[in-house]
Amino acid sequence: MVDRPLVMVTGSSSGIGRHLVEHYVRADYQVVGCSRRDVTDVAGAYRHFQLDVTDEAAVKAMFSTVRKEFGRLDALLNNAGIASMNHLLTTPMSTVMNVLQTNVLGTFLFCREAAKLMRARKYGRIVNFASVATPLKLEGEAIYAASKAAVISLTEVLARELADFGVTVNAIGPTPIRTALVASVPEDKLNALIARQAIRRFGEFRDVTNVTDFFLRPESDFVTGQTIYLGGV
Amino acid sequence: MTQDTDRITDLIWDAIDEVNALLPEDARIQRSEDAVLLGAAGGLDSFGLVNLVVALEQRIEDEFGVTLTLADEKAMSHRRSPFRTVPTLRDYVVDLLKQTSHG
């Protein structure tokens, strides 16, 4: 059992997820993370689970371990996601299935298992990860944008289903950040995307944690079902 | 199986105690075998029922080391719900555990 609040981060081995881990370890949280790759180089109160977020048995086993070892879960940052840039006419169904399974089914599974742990203390914060790809209706990202639209819909419905349990459910929609997820996107496409933002610059990790910090605050208990997009999208 | 049946009954009462602690006094389940858990005559609302299901699933996992899904479509479509009383819930869990051990 731990006295300090526990935050769980999915997709924690790299990019935004890795930054979230380091940010909340520094903020004196107990942090639990998971990803398909192992993570062994985080200093401080961090416990890693190597798993695929779509593997229900592995995910349930992880939550069982967290319940028995830590006895609490205060916040879930549902960051794990995969992107795909491809025209409709050349998108294989295997890509469609992978994107939907990770971004939609993985998000659903973690929300469900997290809420089971949070309900006992009638307190919890869930932050899902949307994307500006949805409101900007990005060409070439049909299935990615659709998967993130589903995440927003999940967020809005679960906010209502979990309100009586003291659990808020919100979402953040980051703009492009210089991570591996956007590394394969051509520079001219990224610049064209950023030109459609009210504030025309790449996002930074601190922009994300600024919003997640707000959602995680105990004082944010009257904020639920909301999606905050970065960059004025 | 009698021993297991007694253990399951204890787990159900433990789960009810946990759920009662989350509910206002006038919505709590009485500690009686005849108490209605779910039904037209009263019992838990949807918030209480969801809490009871999850609290009991966690206790069964801790006690028997198996992960059961108590509220699947089959259970919810039963003409007579297994969640009516403590004895009906106990019999339902016993059946599920038997199926798991034979599966």
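Modeller: It is a predicted model. In S5(A), six of the six residues are buried, so the strand is largely enclosed by the rest of the structure.

Colleague: Which residues of S5(A) point which way?

Modeller: A:Gly124, A:Ile126 and A:Asn128 point one way, and A:Arg125, A:Val127 and A:Phe129 point the other way. All of them are buried.

Colleague: How many bridges join S4(A) to S5(A), and do the two run parallel or antiparallel?

Modeller: There are four bridges between S4(A) and S5(A), and the strands run parallel. In one of the pairings, A:Leu77 has A:Val127 of S5(A) as its bridge partner.

Colleague: OK, helices. What do the buried residues of H7(A) pack against?

Modeller: They pack against helix H1 (15-26) and strands S4 (75-78), S5 (124-129) and S6 (167-173) of chain A.

Colleague: And which residues are those?

Modeller: The buried residues of H7(A) are A:Val208, A:Thr209, A:Thr212, A:Phe215 and A:Leu216. Seen down the axis of H7(A), they fall within an arc of 120 degrees, so they line one face of the helix. In general, an α-helix has 3.6 residues a turn, so residues three or four places apart point the same way.

Colleague: What span should H7(A) have, and what does the model give?

Modeller: Twelve residues, 205-216, at 1.5 Å a residue should span 16 Å, and the end C-alpha atoms of H7(A) are 16 Å apart, which agrees.

Colleague: What about the span of H4(A)?

Modeller: H4(A) has 20 residues, 142-161, which should span 28 Å at 1.5 Å a residue. Its end C-alpha atoms are 29 Å apart, which agrees.

Colleague: Which residues of H4(A) are buried?

Modeller: A:Ile143, A:Tyr144, A:Ala145, A:Ser147, A:Lys148, A:Val151, A:Leu154, A:Thr155 and A:Leu158 are buried. The buried residues of H4(A) pack against helix H3 (93-118), S5, S6 and strand S7 (227-229) of chain A.

Colleague: Different topic. Where is A:Asp28, and what is its phi?

Modeller: A:Asp28 is in the loop between H1 and strand S2 (30-35) of chain A. Its phi is positive, about 75 degrees, although A:Asp28 is not a glycine. For context, most residues other than glycine have a negative phi.

Colleague: Is A:Asp28 buried or exposed?

Modeller: A:Asp28 is exposed, because it has 11 other C-beta atoms within 10 Å and the limit for exposed is 12 or fewer.

Colleague: And A:Lys122, where is that?

Modeller: A:Lys122 is in the loop between H3 and S5 of chain A. Its phi is near 50 degrees, a positive value in a residue other than glycine. A:Lys122 is exposed, with 12 other C-beta atoms within 10 Å.

Colleague: On to chain B. What elements does chain B have?

Modeller: Chain B has four helices and two strands, and from the N terminus on they run α-β-β-α-α-α. The radius of gyration of chain B is 13 Å, close to the 13 Å that the globule rule gives for 103 residues, so chain B is as compact as a globular protein of that length.

Colleague: What does the C-alpha trace of chain B span?

Modeller: About 40 × 25 × 20 Å along its principal axes. Of the 103 residues in chain B, 26% are buried.

Technical notes: Residues numbered from 1 in each chain as written. Chains lettered and ligands numbered in written order. Predicted model: local features only at pLDDT ≥ 70, side-chain atom pairs only at ≥ 80, totals over all residues. Expected span 1.5 Å × (residues − 1). Buried ≥ 20, exposed ≤ 12 C-beta atoms within 10 Å, placed from the backbone. Arc of directions from axis to C-beta. Contact = placed C-beta atoms within 7 Å. Rg over C-alpha atoms; globule rule 2.2 N^0.38 Å. Pairing = 2+ DSSP bridges.
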